[in-house]
There are 2 protein chains.
Amino acid sequence: MTVVAGRPSIPPARYADRLRRAGEVAGESGFDALLVGVGPDLRYLTGYVAVPLERLTMLVLAPGRRPAIVVPRLERSAAEAGVRGDVDIDTWEETDDPYAVVARHVPPAARRIAVSDRLWSSHLLRLQATLSGARFEPASTVLSVLRMRKDPDEIELLRIAAHAADRVVGQIAAGRLVGRTEAEVAREVRDRLIAEGHDEATFAIVASGPNSASPHHEASERVIEAGEPVVLDIGGTVGGYSSDITRTLWVTGGKPEGGPDAEFSRLYAVLHDAQSEATAAARPGVATERVDAVARGIIDAGGFGPHFIHRTGHGIGLDGHEEPYLVAGSRETLEARMAFSIEPGIYLEGRYGARIEDIVVADESGPDVLNQASRDLLVVDG
Amino acid sequence: MTVVAGRPSIPPARYADRLRRAGEVAGESGFDALLVGVGPDLRYLTGYVAVPLERLTMLVLAPGRRPAIVVPRLERSAAEAGVRGDVDIDTWEETDDPYAVVARHVPPAARRIAVSDRLWSSHLLRLQATLSGARFEPASTVLSVLRMRKDPDEIELLRIAAHAADRVVGQIAAGRLVGRTEAEVAREVRDRLIAEGHDEATFAIVASGPNSASPHHEASERVIEAGEPVVLDIGGTVGGYSSDITRTLWVTGGKPEGGPDAEFSRLYAVLHDAQSEATAAARPGVATERVDAVARGIIDAGGFGPHFIHRTGHGIGLDGHEEPYLVAGSRETLEARMAFSIEPGIYLEGRYGARIEDIVVADESGPDVLNQASRDLLVVDG
């Protein structure tokens, strides 16, 4: 494992290996070419981090051919510095048609082409027009096979990110909350995520009182009061890899009568049980939808079934949300080294809600839970 | 003009108007439906700001029908709070097929459908499979007609962002540079962009010495030395609207012999002339490629033609780069209230380079140059 500045980095040889394997899997899946635009897929395969733009940057992998990346001429130096692995760099000028340049790297008479999921539609439509004889399909069918199973240094980066997020939850729980707006607390979360070693703070959900009943509430100008819950769902990236943790606090304001009511305590006990049993079930060989069913079964039995309105979890890595998804109807089976969230929630609309989320890596010896912050309801003075 | 917290905001009635006009233009262009995913197009039409995710959020505009937005159930409250204008909200559950839900809002037998440019390919491929009788085309053909011509409060937001970026350039030019890495200076730029009122710092190119010859060099661990140029190309967003300014500094280290050499001075004089003449040419009724030709002609005549390797500019607004593009081959003509960059550059590979960039709004009375920072070569001690 290569370690740079106290954290593991992906060794250059790994990219050559990933490129080779992606080409093999694409070939086995019957694809004539794999077209990868800017985004996590490109970073995974080549290490190259670029901003998605209207100017096309595209890696072309065709089974049996050398990998090539097509970049705008003015990005050539950036690509030379950023692309690891043995990849030819081909440039296009401002007045060229970049889609025609890509087509030159695709085998003639290609019938099936995979494109990266996050490629912009404007690019895909032009590629479809240029390579009009081919059928286009999502590249995730090829690339998720590789990306779902993490390398040891990928797991280490996820662990470093998780621990940093754990510390931020602890710091927020120990600080002042009553009388501050959700947005103020969210700004503090973002600053602390960076201070604890994240390269970027991606999101900071701070949902207080009735807002806690909305799973994807962001952070508003609502002032946090004593005697209500606050759901914190926060994350960022370390070396490209995401953290994502949710903990629920109950803010008493320091008053004995400010604690959780009986309904909330019961709701939280059911939720805690669901999250912990789903985690225990997340072993290699288990269907992802089975993990969802475990959490859902416990919440159903507790009488809160209609209030658990989202899936149990999502894969995590270079994307904050990626395969495998832990949801009814998913056909994926967990394998060792897959990393994903386990995050059931219960939401009583108009009143309050709660969620508990950890990042977990499937392992033959049992679930490797990356987050270490307590999963108990955090009853704090605030 | 509505003013919130010292800056203009888009009044709610404007969204209803934009939705209506988008429906009209789509109909006039022969589209049966306009499908808009998360991103600047959705923000422009509805005010709704959401993160692009694997869970589909999609506005459906069909001429003659009420606008509808399809959102995941767990985003319902966020959409209710975020969507202005009169838009029906339709939700899908975690185990539903969201593409089928979108299809229910599309007129039966739709033949031509426009999709927003930034929609992820994974979504577009599923829509194409679901609405297999339709031809899909980029929505920019419809939406750029609206978005290119800015409303007065959009111009005001661009101006506020430009002035904030101007101040940051001044602060960096007045501070220490020699002995610091590009990355350190880039971090300072980002902090200062926020301190000067940006909601987000989007990019901070700091390209010193030979790196200044790479137009899209980001910021590296290279230490800035005395006796070399530094290109600063920085920007962020204010209320969703982008700043984007480039200035070139020459760092002397306080030594009399540390100033620019004769070649650089000549290069910069040609560049300054090109940027200023292109700006003067940017009037309503002038072809965008003509503005590019003005800059290119001056740089050609100065003998640096092969070293000006990118277009002269790009539109700017809710996207950092959007139509119109000022490039040879573009068929657009400038109209009043279009906003765009004018940013020629000259790059001598392996040696050094320079670029000057302003944001300009076309106006009947002449170009309204939003940036006010001096365009002279900024010779500083550093």
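A residue counts as buried when its relative accessible area is under 20%. Keep that cut-off in mind as we walk through this structure, which is a predicted model.

Let's start with a single side chain. Arg180(A) sits in the loop that links α7 (152-174) to α8 (182-195) in chain A. Is Arg180(A) buried or exposed? Its relative accessible area comes to 13%, and because the limit for buried is under 20%, Arg180(A) goes down as buried. As for what its side chain is doing there, it reaches the backbone oxygen of Arg176(A) at 2.9 Å. Look beyond the neighbours within four places in sequence and you'll find Arg180(A) touching Val185(A), Glu188(A), Arg222(A), Val223(A) and Ile224(A).

Once neighbours within four places in sequence are set aside, the contacts of Ile10(A) are Tyr15(A), Arg18(A), Asp153(A), Glu154(A) and Leu157(A).

Now for a strand. Val369(A) belongs to β19 (residues 368-369) of chain A. Its relative accessibility is 26%, so Val369(A) counts as partly exposed. Leaving out neighbours within four places in sequence, Val369(A) is in contact with Thr279(A), Asp358(A), Ile359(A), Val360(A) and Arg375(A). Pro210(A) is another matter: it is 159 residues from Val369(A) along the chain, and the two C-alpha atoms are separated by 30 Å.

On to how helices pack. In chain A, helix α9 (residues 262-281) and helix α10 (residues 288-301) have axes 8 Å apart and meet at an angle of about 155°. That angle makes α9(A) roughly antiparallel to α10(A), and the crossing is right-handed. On the α9(A) side you'll find Val270(A), Leu271(A), Asp273(A), Ala274(A), Glu277(A), Ala278(A) and Ala281(A), which meet Val291(A), Val294(A), Ala295(A), Ile298(A) and Ile299(A) of α10(A). What classes of residue make up this contact of α9(A) with α10(A)? There are 10 nonpolar residues, 2 charged ones and no polar ones.

Over in chain B, helix α4 (residues 98-105) and helix α5 (residues 121-130) cross at roughly 60°, their axes coming within 10 Å. That makes α4(B) oblique to α5(B), with a right-handed crossing. From α4(B) come Tyr99(B), Ala100(B), Val102(B) and Ala103(B), and from α5(B) come Ser122(B), His123(B), Arg126(B), Leu127(B) and Thr130(B). Sorted by class, this contact has 5 nonpolar, 3 polar and 1 charged residues.

Helix α5(B) also leads us across to the other chain. Its axis and that of helix α5 (residues 121-130) of chain A come within 9 Å and cross at roughly 55°. The two helices are therefore oblique to each other, and here again the crossing is right-handed. Chain A contributes Ser121(A), Leu124(A), Leu125(A) and Gln128(A), while chain B brings Ser121(B), Leu124(B), Leu125(B) and Gln128(B). By class, the contact of α5(A) with α5(B) splits into 4 nonpolar and 4 polar residues, with no charged ones.

Conventions. Residues are numbered from 1 along each chain as its sequence is written. Chains are lettered from A and ligands numbered from 1 in the order in which they are written. This is a predicted model: local features need pLDDT of at least 70, side-chain atom pairs count only at pLDDT 80 or more; totals for chains, interfaces and linings use all residues. Side-chain values use heavy atoms; hydrogens and water are left out. Axes are lines fitted to C-alpha atoms, for helices over the stretch in contact, and angles run from 0 to 180 degrees between N-to-C directions. Helices (H or I, at least four residues) and strands (E, at least two) are DSSP runs, numbered from the N terminus. Angles under 35 degrees count as roughly parallel, over 145 as roughly antiparallel, 65 to 115 as roughly perpendicular and the rest as oblique. A crossing is left-handed if the near helix is turned anticlockwise from the far one by less than a right angle, and right-handed if clockwise. Contact means heavy atoms within 4.5 Å. Ala, Val, Leu, Ile, Met, Phe, Trp, Tyr, Cys and Pro count as nonpolar, Asp, Glu, Lys and Arg as charged, and the others, Gly among them, as polar. Buried means under 20% relative accessible area, exposed over 50%, partly exposed in between (1.4 Å probe, protein chains only). A polar contact is a pair of N or O atoms within 3.5 Å; within protein, one must be able to donate a hydrogen and the other to accept it, and residues adjacent in sequence count only if both atoms are side-chain atoms.
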